[in-house]
Amino acid sequence: MEDAPARHEPESGDTVRYHCVGMMIPIGIIVKTDGKMNKRKAAEPSVPPRERLLEAAGELFYNDGIRATGVEAIAARANTTKMALYRHFQSKDALLAEWLRQVIAGYWRAFDAIEAEHAGDPRAQILGWAAFFADDAGAWSHRGCPFINSIAELPDREHVGRKLIAEYKQGQWRRLAGLCRAAGLASPEETASELMLVFEGAQVAAQNQSIADAGALALRIAGAIVERQAQASIG
């Protein structure tokens with residue numbers, strides 16, 4: 001089994017509060033506030049053009065969709081030109097990939113903060129992850145998970161965006177399996193798979209509104225999985 005990705009130190013910049021850890025966690029260029037993306041920095045002239053372009057692209061890719069968003073719209077939202085966009089990014093795909101890297105880095109920082117909050121207690125860290133995803137499902141419910149949305153628009157499995165998301169999800173599973181192993185849970189890999197399925201399902205259910213309060217239900221299910229596997233390890 002490969003090691004989980006290296007931990008990322010928090011950086012300055014935009015943040016979002018995740019109530020499960022009670023702190024402000026940097027999340028790259030995305031700010032989730034009442035279900036809306038950050039629009040302020042995308043057009044602020046004092047912000048460097050590359051950062052403005054990433055802000056604008058993130059907002060438009062998320063809210064309007066990848067295919068529906070052209071480079072002209074991104075440049076206009078960023079208060080710059082298409083020529084400037086291509087000076088910083090070789091293509092729209094390159095800009096998309098950098099946005100996804102920013103989102104992924106923000107999630108790793110969130111997991112770092114959760115685990116730091118419960119240092120030395122891997123079972124509490126797992127439940128902290130569950131609480132994070134319960135909050136996350138509700139936060140994204142107006143438009144859905146950015147990774148699920150992106151995959152839906154990128155059918156080519158060799159696309160750089162698809163590869164980035166797959167690598168992130170695989171790393172997330174490995175890291176969660178490591179926590180399950182450290183917590184002494186029975187069948188840590190199977191437990192990690194069960195938990196990942198709950199987390200992913202909660203995000204989809206919150207988006208399509210098929211289940212009321214999907215995040216809270218996912219949190220209860222995750223707790224039951226952890227308890228069952230803890231009991232199995234001593235039985």
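Two cavities of 30 Å³ or more turn up in a search of the whole structure, a predicted model. A cavity here is a set of points, on a 1 Å grid over the protein atoms alone, where a 1.4 Å probe fits but cannot get out, and its lining residues have an atom within 4 Å of a point. The largest cavity holds about 40 Å³ of space, a volume being the space filled by probe spheres set on the points. Among its lining residues are Phe61, Trp99, Arg143 and Glu153. Helix H6 (146-153) supplies at least two residues of this lining, as does helix H1 (49-64); helices are DSSP runs (H or I) of at least four residues.

Now to the aromatic rings. The search finds 14 aromatic pairs, where ring centres lie within 6.5 Å, and planes under 30 degrees apart count as stacked, over 60 as edge-to-face and the rest as tilted.

Tyr107 in helix H4 and Phe132 in helix H5 are 25 residues apart, while Phe133 in helix H5 and Phe199 in helix H8 are 66 residues apart. Tyr107 is buried at 2% relative accessible area, buried meaning under 20% (1.4 Å probe, protein chains only). Phe133 and Phe199 are both buried too. One aromatic cluster includes Tyr107, Phe132, Phe133 and Phe199.

Residues are numbered from 1 along each chain as its sequence is written. Local features need pLDDT of at least 70, side-chain atom pairs 80 or more, while totals for chains, interfaces and linings use all residues, and side-chain values use heavy atoms, without hydrogens and water.

Key
On a 1 Å grid over the protein atoms alone, a cavity is a set of points where a 1.4 Å probe fits but cannot get out, and a pocket is an open set with protein on both sides within 12 Å along at least five of seven lines; lining residues have an atom within 4 Å of a point. Rings of Phe, Tyr and Trp (its six-membered ring) pair if their centres lie within 6.5 Å; planes under 30 degrees apart count as stacked, over 60 as edge-to-face and the rest as tilted. Buried means under 20% relative accessible area, exposed over 50%, partly exposed in between (1.4 Å probe, protein chains only).
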